Amino acid sequence: MKSFLKILTVGILALYIFISCDREVYTGAAEPEILYNGKIFVDSNPDSALIYIDGKNTGFVTPDTIKGLSEGVHYVTLKKNLFKDTTLAEEISGAEYKSLFVDFYKNPANFGIIYVNSKPEGAAIYLNNENTGFFTPKYLTNLLVGEYKVKCELPLHRSDSAIVKVTYSKIQYLNFVLDDTSKWVNYNIDNSQLSSNHLSALAVDGASVWIGTRDRGIVRIRGDKFDIIQSTNSQLKYNFINSLYIHNNELYVATSGSLQKYDGAAWTDFTPNLPDPYVTSVVFDKEDVMWIGTQKGLVRYDGKSWKVFDRTSGMSSDFVTGIAIDNFNNVWVATNSAGINMYDGNQWKIYDMSNMNLGANLGNSIKDIACDKEGYVYAAHIYNSEKGELGGFTRFKDGVWEQLELVGVPSNFVESIYVDEEGNKWIGTKGGLTKFRYDPSDGFFFNTSNSKLLASQVVDIKIAPDGNLWIATFGGGAAKVKKGNY
């Protein structure tokens, strides 16, 4: 009996525990799951606006359909860069499908203003290349948000432009400084299609200005047109230009690895005929004989045969840095370390610090050489502190050399010498450019302080047939000084 009662008690206790646990877990019949079937198709002009529902980013952009919306009012916000946010309320009933369209351009708030000014004032204003009919200074109002190209044009000034983003209810300010081109025009990689600011040579003919660069080939300027000539788009073999020369309307190009001729259509390669492919200079004498300077000698070509001159022929050095022809058709040759060599057609005459009688060690490294119609020869000696060579500018006539001092520019850092048709001497230096006729002290000079020259190092100078002066610099691109202003 006791055993039966014990079993009965354990069973009642177990049943009680089971019922208690069941009551904690089960609370009644399950409520039906609520499904939200409301939909809104959202579109905009312009499209790709971010869609927010009730302040939350859906991750969708217009046009798209937002699904699973509950009954009631939902706030739809569209966000688009540059535009003012637009919020609209839409009420959904059951599984209702609604459509919503926002035209940002019809909202008066989505307009901006551009203020355009220039120095000097009075420049014509162009918007996306269309003439607005307005002149600076001017507020351009009621502009739809977006990106605009604004350009200002003023006669005898370089036009300038900028890209500006107009945003809603804001003013964008543009202030242009227009470069006066009535006398002086600069060309560089920022304001033109010039391929490099590091120039090396110039050549001019009746139609074109040819500009050699240190690293980007040749640029041909014809009016407002720029032609880029490089090894990647032409038969030019090397982009490192040392010298350019025009003869019979054909361009001769001396580079770090070739000598070529370009007639405007076809290229001719003379390099295989040379003792070395590194060509420093090329000129023609009065008998149409071509003289070519290389690292391994001077080359003469008369149209039929080639002849090489070097130390075995009587020269003081094989490395030619420059060539000039005098009134008697003598060939004057500058060398990199052994002075100046003159060839009269039969023999060589050597000039260096041992016989120039200058009273100072200017140095035997010659950067450039030139001759004028009065019978003078001009030479640029390279400064070299390690060798004790002072550098300088010298002149020769009737067997006598003399040292000249230049005005306004450093005489011991001469880079280039150019003699124009009127006999003026143009001397390019690392500190600017000077011009004189007979006496350097009577000349005038251009530098970065008293002119619009953009770099101090002047590497070449030429006067074009139209009378404009062209200046090539290393680091500042090219400059054109219009006739009558130099």
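Q: In this predicted model, which side chain makes a polar contact with the side chain of asparagine 248, and what makes it a polar contact?
A: The side chain of histidine 247 makes that contact, at 3.3 Å. The cut-off for a pair of N or O atoms is 3.5 Å, and residues adjacent in sequence count only if both atoms are side-chain atoms. The contact runs from side chain to side chain, so it counts under that rule.

Q: With which aspartate does the side chain of histidine 247 make a polar contact?
A: The partner is the side chain of aspartate 288, at 3.4 Å. That value is within 3.5 Å, so the label applies. Aspartate 288 is also among the residues that histidine 247 touches, together with Tyr252 and Phe284, when residues up to four places away in sequence are not counted.

Q: Is histidine 247 buried or exposed, and how do you know?
A: Histidine 247, which lies in strand β20, has a relative accessibility of 12%. Buried means under 20%, so histidine 247 is buried.

Q: Why is the pair of aspartate 85 and lysine 79 called a salt bridge?
A: The distance from N to O between their side chains is 2.6 Å. The limit is 4 Å, so the pair qualifies. Side chains of opposite charge can pair when their charged atoms come close.

Q: What makes aspartate 85 and lysine 79 partly exposed?
A: Aspartate 85 has 38% relative accessibility, and lysine 79 has a relative accessible area of 29%.

Q: Which parts of the chain does the salt bridge between aspartate 269 and lysine 237 link?
A: The two side chains meet at 3.1 Å, N to O. Aspartate 269 is in strand β23, and lysine 237 is in the loop between β19 and β20. They are 32 residues apart, and the pair links distant parts of the chain.

Q: How many residues line the second largest pocket, and how do they divide?
A: The lining has 32 residues, and those nearest the centre include Arg158 and Asp224. Eleven are nonpolar, eleven polar and ten charged. The volume of this pocket is about 780 Å³.

Methods: Residues numbered from 1 in each chain as written. Predicted model: local features only at pLDDT ≥ 70, side-chain atom pairs only at ≥ 80, totals over all residues. Heavy atoms only, no water. Buried < 20%, exposed > 50% of the residue type's maximum accessible area, 1.4 Å probe, protein only. Helix = DSSP H or I, 4+ residues; strand = E, 2+ residues; numbered from the N terminus. 1 Å grid on protein atoms, 1.4 Å probe; cavity = no way out; pocket = protein on both sides within 12 Å on 5 of 7 lines; lining within 4 Å. Points joined across faces, edges and corners; volume = space filled by probe spheres on them. Nonpolar A, V, L, I, M, F, W, Y, C, P; charged D, E, K, R; others polar. Contact = heavy atoms within 4.5 Å. Polar contact = N/O pair within 3.5 Å; in protein donor to acceptor, adjacent residues only side chain to side chain.
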